[in-house]
Amino acid sequence: PCGSFPAGGLDFITNLNTPDEAPGSRPAINNSGAPTPPTLGTLYVTIFANSQNSDFVGSEVDPGTCQSRPMALNRSPNAVNIPLAIAGNSQTQVHQNTVHTPLVICKALFAAVHHRSPVAADCSLPANAVDQPTIPPPARAAAMLSLDFSGSMLAPACPGCPTRAVLLKDSVELFVQLWSAVSLPSDRLGVNYFRTNIDDAFNIGGDSVPLLVDGGDDVIASVAGQTPSGNTAMGGGIKRAVEVLNGLNNTPIRRVILFTDGMQNVNPMVLDQNNQLVIADDGSRRRRDSNVPGTPPFVLDTSRGIAVDTIGIGAGETFVGLLQDIATATGGRAWPTADPAFDLRRFFVEELINALKGFSPQLVAYRRGALASKGSTEAFAIEDGVRKLVFKVSCKRGDQIDFSVDRNGVDVTSAGRFVTGAFYRIFIIDFPGKSGITSGGDWRVKIKGKTATTYEAAAIVDGGDIKYDAFFDIARLRVSPRVGDQLELLVRLTSGGKPLAKNVRVTMTLSRPKTDVSKVISGIKPGELRAFEPALSADRPQSAAERKEAVAEQRHLALFQKSAVWKQLERTQETIVLKPNQKGEFRSRILPRIPGIYTAVITIDGEVEKLGRFTRTTTALIVVRSQK
């Protein structure tokens with residue numbers, strides 16, 4: 001009976017009939033037709049008996065009385081409502097049968113496990129089964145690598161270092177192997193290459209973005225077989241990659257991972273037109289065309305739900321600034337470096353973490369060292385509740401390393417499995433496993449090899465309650481911050497969805513330029529060193545604008561060939577402890593006085609009740625441009 005409501009009761013019922021019934025909700029599908037990632041709010045799913053045989057809770061039909069109650073339907077516009085046929089001869093029996101119905105159980109578990117709407121989940125019963133519905137995994141992530149193999153990739157990564165192509169191939173191999181270690185069966189990965197033209201012939205069985213489990217080794221082999229040549233058709237590479245991913249509109253995470261080491265010099269180009277980035281032909285001067293059409297203009301923004309993350313070798317303001325603009329316009333992140341021999345492997349590891357953001361994995365720590373005479377040990381604090389733990393140790397090609405793993409002083413190497421490559425070993429252990437080992441504790445990686453061998457070690461966890469992110473908050477500034485603009489680094493940390501600041505220490509190691517790179521570049525004589533790309537040759541007929549562009553690119557490449565110039569790129573570092581504010585956020589302000597790349601490596605150490613000690617690390621980068 002409707003009767004009279006107790007004090008405050010009418011307000012409560014009225015609020016239930018508004019969008020407030022689902023506070024902080026997210027839509028199941030975003031504007032681009034892809035499932036909305038879990039990081040953007042709570043997905044509300046309501047499963048109930050339909051109006052054909054409803055129980056006393058109500059159905060999807062508004063009774064029009066009692067303030068529209070009883071009604072099981074969630075009125076929030078973002079809610080997912082699933083009325084189902086439930087057997088029963090009375091309202092009480094229908095109510096009791098609902099939670100025991102296999103279809104209800106299947107859809108509820110699908111929503112809880114995958115953080116996705118279960119409306120389309122296939123919960124059909126196998127022909128030979130009575131009570132075991134099949135729940136196929138949904139799509140999670142798809143990525144396209146768009147890799148620069150132009151002639152400039154033959155340039156050394158630094159004076160006396162291997163070529164950029166060699167470093168890229170090694171970094172991609174680690175990226176694929178580590179993703180495979182934490183992947184879902186539905187994850188996909190494809191690749192294209194840009195030189196003067198775009199090579200997008202890679203496919204497995206006609207699929208340009210095959211399942212990682214099927215095509216991971218093929219991606220590694222394909223990248224390893226590439227030879228640098230020609231010019232840099234970056235715009236065409238991005239466009240082809242976005243077009244491929246656009247066909248996978250049922251995948252929550254779709255990312256282009258762009259790698260390049262030089263200025264674009266082939267149509268179509270990434271251009272700024274009418275205050276937006278587009279990929280289009282540059283008609284202002286004579287330029288070579290690739291095999292990708294530049295008309296109509298192809299807008300780079302967030303409307304497709306496809307982010308472009310950029311990884312670039314370079315220091316020139318025009319080059320690294322454009323890579324940051326591409327990432328910002330599409331909702332991606334930029335990873336520029338002027339020291340690829342030091343940064344590139346780590347950046348690809350961190351890009352994996354970034355690419356799968358909203359799910360897993362997470363980077364515990366990334367360390368570098370040199371082996372002592374009796375080997376070296378790297379220690380990591382891992383909390384309880386983790387589903388998988390991965391350790392990676394890599395070295396230079398030609399060197400050899402091995403390692404064992406112990407937990408709380410007990411050797412557990414035999415409880416995991418190894419993936420071994422020419423210059424790395426990856427250890428993977430799942431929890432809970434047959435051994436009964438849990439994730440919480442002090443883990444040690446004991447590395448063996450020839451004395452003084454340099455190595456890079458990383459620890460990655462998959463799953464768990466802890467979530468974190470760190471970035472330069474430039475929303476109040478223009479897209480490209482400039483010298484004199486105050487920057488603010490923001491670190492957010494949660495456990496179980498709640499802000500975490502107690503018993504937590506957050507430190508930032510900030511690396512900033514000592515010298516304005518443009519002044520260093522201006523002192524390099526044009527044509528002094530090898531140009532590497534035909535478009536950069538001073539012998540080829542060029543317009544005045546093209547000659548200026550060629551000179552800039554030659555000087556850009558010369559930074560990495562001359563030791564005397566290279567030493568001028570030294571950077572300064574400082575470590576800062578961040579304090580939490582009332583919201584549980586950690587913030588630090590920076591005032592840049594020199595244009596260039598500002599890199600913040602954030603380390604989080606803490607302890608959570610019931611989970612124990614933990615560590616996380618991440619990198620935030622920002623390109624600061626000169627004042628106009």
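Reader: Is F380 buried or exposed, and what is its relative accessible area?

Author: This is a predicted model. Buried means under 20% relative accessible area. F380 is therefore buried, and its relative accessible area is 3%.

Reader: How do the rings of F380 and F391 lie, stacked or tilted?

Author: Their centres are 5.4 Å apart. Planes under 30 degrees apart count as stacked and over 60 as edge-to-face. The planes of F380 and F391 are at 35°, so the pair is tilted.

Reader: Which strands do F380 and F391 link?

Author: The two residues are 11 residues apart in the chain. F391 is buried, with a relative accessible area of 1%. F380 lies in residues 376-382 and F391 in residues 388-395, which are strands β13 and β14.

Reader: Which residues make up the cluster of ring pairs that holds F380?

Author: A search of the whole structure gives 11 aromatic pairs. Ring pairs join F380 and F391 into a cluster with F403, F418, F427, F431 and W443.

Reader: Which residue has its charged end over the ring of F418?

Author: F418 is one of the rings in that cluster. The charged end over its ring is 3.9 Å from the ring centre and belongs to R425.

Reader: Which elements does the pair of W335 and F347 tie together?

Author: The ring centres are 5.7 Å apart with the planes at 50°, so this pair is tilted. W335 is buried at 2% relative accessibility, and F347 is buried at 3%. W335 is in residues 334-337 and F347 in residues 340-355, so the pair ties together strand β11 and helix α8.

Reader: How many residues apart in sequence are the parts that the disulfide of C106 and C123 ties together?

Author: The sulfur atoms of C106 and C123 are 1.9 Å apart, and both residues are buried. The link is left-handed, with -80° about the S-S bond. C106 lies in helix α3 and C123 in the loop between α3 and β3, so the parts tied together are 17 residues apart.

Reader: In the disulfide of C158 and C161, which residue is partly exposed?

Author: The S to S distance is 1.6 Å. C158 has a relative accessible area of 8% and is buried. The residue at 22%, and partly exposed, is C161.

Reader: Which residues does V608 contact, leaving aside its neighbours within four places in sequence?

Author: V608 is in strand β27 and is buried, at 12% relative accessible area. Its C-alpha atom is 7.5 Å from that of N503, 105 residues away along the chain. Beyond those sequence neighbours, V608 contacts S495, L500 and F614.

Definitions and conventions: Residues are numbered from 1 along each chain as its sequence is written. This is a predicted model: local features need pLDDT of at least 70, side-chain atom pairs count only at pLDDT 80 or more; totals for chains, interfaces and linings use all residues. Side-chain values use heavy atoms; hydrogens and water are left out. A disulfide is a pair of cysteine sulfur atoms within 2.5 Å. Helices (H or I, at least four residues) and strands (E, at least two) are DSSP runs, numbered from the N terminus. Buried means under 20% relative accessible area, exposed over 50%, partly exposed in between (1.4 Å probe, protein chains only). Contact means heavy atoms within 4.5 Å. Rings of Phe, Tyr and Trp (its six-membered ring) pair if their centres lie within 6.5 Å; planes under 30 degrees apart count as stacked, over 60 as edge-to-face and the rest as tilted. A charge sits over a ring if NZ of Lys or CZ of Arg is within 6 Å of the ring centre and within 35 degrees of the ring normal.
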